[in-house]
Amino acid sequence: MVRSPLIMVALAAVITAAAVTPSEVATASPPPAAAVAARSGSSPLTAGWRIQSSAVAGGSGAQISRPDYSATGWLPISQPETLMAGLVENGRYPNVFYSDRLKAVPTAQFDVNWWYRDQLTVHPRRGGRTYLIMNGLLGTADLWVNGTKVADRSQLQGAYSRFEYDITPYVHDGANAIALDVAKNDPKTYLSDSQLDWNPHAPDQSTGLRFPPQLAQAGPVSLRNVHVGQQNAKDLSSSDLTVKADLRNDTGTPQRASLRATVTHGATRVDVTASADVPAKSTRTVTLSPADHRQLHLSHPAVWWPYQLGGQPLYHLAASVRAGGQESDQYAEDFGIRTVTSSLTPVVPGRTHAPSGYRKFEINGVPLVIRGGGWSPDMFMRYSPQNIHDQLAYVKNLGLNTLRFEGNLPPDDMFAQMDRAGILAMTGWQCCDRWEDPIAKWPEALKANAANQATRVAQWLRDHPSVFTYFQGSDEAPDATKEAIYLSAFAAADWQTPQVAAAEYKSSPKLGPSGAKEGPYNYVPPGYWWANGPETAGSDQTFTNAGSAWAYDTETSAGNTVPTQDSLNRFLTPAEQQRIWDLSTTKGPGTGPDLFHVYPTYNSYTKTARMGQYNTPLWNRYGHWTDMASYQRIAQMGGYEVTRAQFEAYIGRSKDPANPSPGVIYWMLNKAWPSLHWNLYNYDFDQPGVYFGALKAGEPVHIMYDYADGSVKVANLTRTRQDGLTAAARVIDLNGTVRDNRRVAVSGLASQDVQTVLSPKVPDGTSRTYFLELTLTRRDGGTVSRNVYWLSTKPDAVDWSKTIGQGSGAVFQPDGYADLTGLQSLPAATVRASASTRREGGDDVTTVTLRNTGSAPTVFTRADVRRGAAGGRPSGGDDQVVPITWSDNYVTLWPGQSQTLTARYRASDLRGAHPVVSLSGRNLAGPTIAAG
């Protein structure tokens, strides 16, 4: 997506400074420069940047910003980025995320200012003007251009600020230089980004350029604030488009300007024009609407949908303005036609837990359960389009439809990729830090900075079809003054999608109740998510950590995520790995801190190390482990079952008449570095048990078990009605005896519908640990969904009175743990595996068929694609192929059963090796290898 510069406030300020005499400037050959041609539009300044500490760099801003300044010894960076990103790129801290190496990075080096310098070649447009647009800065900076100071740090700050400077008097035809004197970021002082308690803070506090600056050139009239509004028929049979643009005349004489807008999609092409007189040194807004241009009324438009409900057609807008007989400026963007609405669910007196109902959303009139994860950028704010492409492939593989951005908004490319992928973006400000300080602590300059950032964000995101809402508060709702700042900016930007007061159950004066809640954040058993009694209502009326699947939960999970052994070997030493499973170092208070990669390292509620909070229920529910291998078998099963239950409960209870669950955001989707805390997949694309538990729950048409009442439910998350389905349930004890077997025809399952279809019985005499196998099939016998649970006749018992309202996770009643220890006594199983691989474009697709050829069930069996060596064996070392998407994994089969799994990955990630498939499982007789 191409987006030209948008001026966010009435800012074209240039602060002039005294000229620097040539004798003050050191002379040397300049470094390679980026080239900016003489044309209308804008160019991102991504090449030619160098950084250096002010303790090392010689000279003043007037000197350093001269084109002939010598930057010898400065560190070249591939793009504008934070200081730590630049230092790592230059090899200063190799493999900085391994073990606790991050702790060793000296932080005192960032106490002094650092310089960012760009050398570029510019060919100014004859008779035109040149603008420098600064797009977000972490910290504060003075800005210098060719020896002249043009902006001061009192203004130039803010993660999403946007300031435009007319640098026409200072720019030269040929070599030019830009320099920024950047002071350290402080999220407690500035309206900046931070990653809160998600991981350790970067040693530089994420200081540096947030997004690339832009150089813009235009004739006498500049084109700014171009956007498309839409008024869609309720049945989407038509759409009225309105194109708006600001025409800005920076000259001293009036200008007659002609605006042209072209909207295209496939064979559709709409051309509209309008002329306007723009007085000198002023801006005029021009509106092109169906009232004057009937072509902007579209019949049967191509409608954008989330990927599980339809396609993602995008329209293209190209705008230009002519003045003085020539094109003066241009702009282009893509947009999608769709309608988003939001409301609060009805309150059932005496039954609904919250006083105002719960937040729900509809896309194009279809109510959908929001299922997503909380997004985290890289710790050093590094960005890679390929990395984002791979992560979004994981999101769709998981069956999720939404990403939540609590601040930490990524570059525009990610939103463009989400537009094309059909993944929704839940955007909003971050919690805590300066953003949520009381308004009394905001000086007037900070209020102005907030208005600038709100304007920039609203104008930036408004036309992305993936962006379906904006939360104007996170843990806190904005007070009247803050809310007015935000809502005024969004109204001026013609924002059209719903805005919400907060991510907790709080209200603001204009937006009203949020209908959302947060938490829990630490271990809870699977049945916790399905509980729905009055005991789950929070006493503080914010419903934070009030648990279970009701309301729109904006951030919650069962806490820690244990990576697979492959992943652990990439970032932890053997000694550190032992500390994960050794209860003497993780259980209970007073035993010392967690690993550095478990963050936060201490539970503020129970004063317990977080790994102890997670491991203790596993130890009591599954039985004891003695080493990492036995711990892994338990931890991956435990993560799978509780994550599956979380997503299933929010789907399964979404139609509850009194306490529905309109959505859930798993906290978190990913992490900024390798982590054992809050993620569905690790920094290295590792897929632990939690990943595949979420994947199972995210099936488009799905069968699931309700832990609360023992019933079986089916859900249809597609846009198509499902007919001719049959649900079946088998209760199977540990020795393979089928204790109960039921089948029932499922009546027509409408889009987004959930039905309770049967209730299996667990007869007396069933083993204390047993299995429940659920299947959903079509008339032709094809399997739509298969889901296997390991359960106990002794269920988990949560002490709700001690659990609600605190974030340590579930507090169990005495002897309140489910008994899953029978899994320890499973006999060894035998699996025959076959695999084949085919090429599809740049991808390899490996198909793996598993067949249980023994007499015992093969439980929780996992397949991995690996780089093979001679003889068809894994090559050893770090040979796991990631990123990779699977149709299913961690499967359980009884004797005679088989299942086929499909994996897709980049062929180049084999690095010239042949693919092989390794199997591991809860009770496999030994390692199994299949040639791919």
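## A guided tour of the predicted model

Residues are numbered from 1 along each chain as its sequence is written, and side-chain values use heavy atoms, with hydrogens and water left out.

The angle about the S-S bond is -75 degrees, and the link is left-handed.

Next, colour the model by pLDDT, the predictor's confidence in each residue, from 0 to 100. The mean for the protein is 92, and 92% of its residues reach 70 or more. Residues 1-39, however, stay under 50, and the model has 121 contacts for them beyond four places in sequence (contact means heavy atoms within 4.5 Å). Residues 588-592 are also below 50, with 10 contacts beyond near neighbours in sequence. Where pLDDT is low, the predicted coordinates should not be read in detail.

Move on to strand E18 (residues 315-323), which holds Ala-319; helices (H or I, at least four residues) and strands (E, at least two) are DSSP runs, numbered from the N terminus. Ala-319 is buried, with a relative accessible area of 4%, and among the residues it touches, leaving out those up to four places away in sequence, are Leu-223, Val-226, Arg-260 and Tyr-331. Ala-319 and Leu-223 are 96 residues apart in sequence, yet their C-alpha atoms are 8.4 Å apart in space.

From there, select Asn-225 in strand E12 (residues 221-232), which has a positive phi of about 55 degrees although it is not a glycine, and which is buried at a relative accessible area of 9%. Ser-99, in the loop between helix H2 (83-89) and strand E5 (114-122), also has a positive phi, near 55 degrees, and is buried at 10%.

For the backbone, look at Pro-520, in the loop between strand E30 (516-517) and helix H7 (526-530), where the peptide bond from Gly-519 is cis, with omega near 5 degrees. Then go to Pro-883, which a cis peptide bond joins to Val-882 with omega about 0 degrees.

The last stop is the second largest pocket, with a volume of about 630 Å³. Of the 25 residues that line this pocket, the closest to its centre are Gln-565, Gln-632, Leu-919, Ser-920 and Gly-921. On a 1 Å grid over the protein atoms alone, a pocket is an open set of points where a 1.4 Å probe fits, with protein on both sides within 12 Å along at least five of seven lines, and lining residues have an atom within 4 Å of a point; grid points are joined across faces, edges and corners, and a volume is the space filled by probe spheres set on the points. Among the elements giving two or more residues to the lining are helix H8 (565-571), helix H12 (628-652) and strand E46 (914-920).

Methods
Predicted model: local features only at pLDDT ≥ 70, side-chain atom pairs only at ≥ 80, totals over all residues. Buried < 20%, exposed > 50% of the residue type's maximum accessible area, 1.4 Å probe, protein only. Disulfide = S-S within 2.5 Å.
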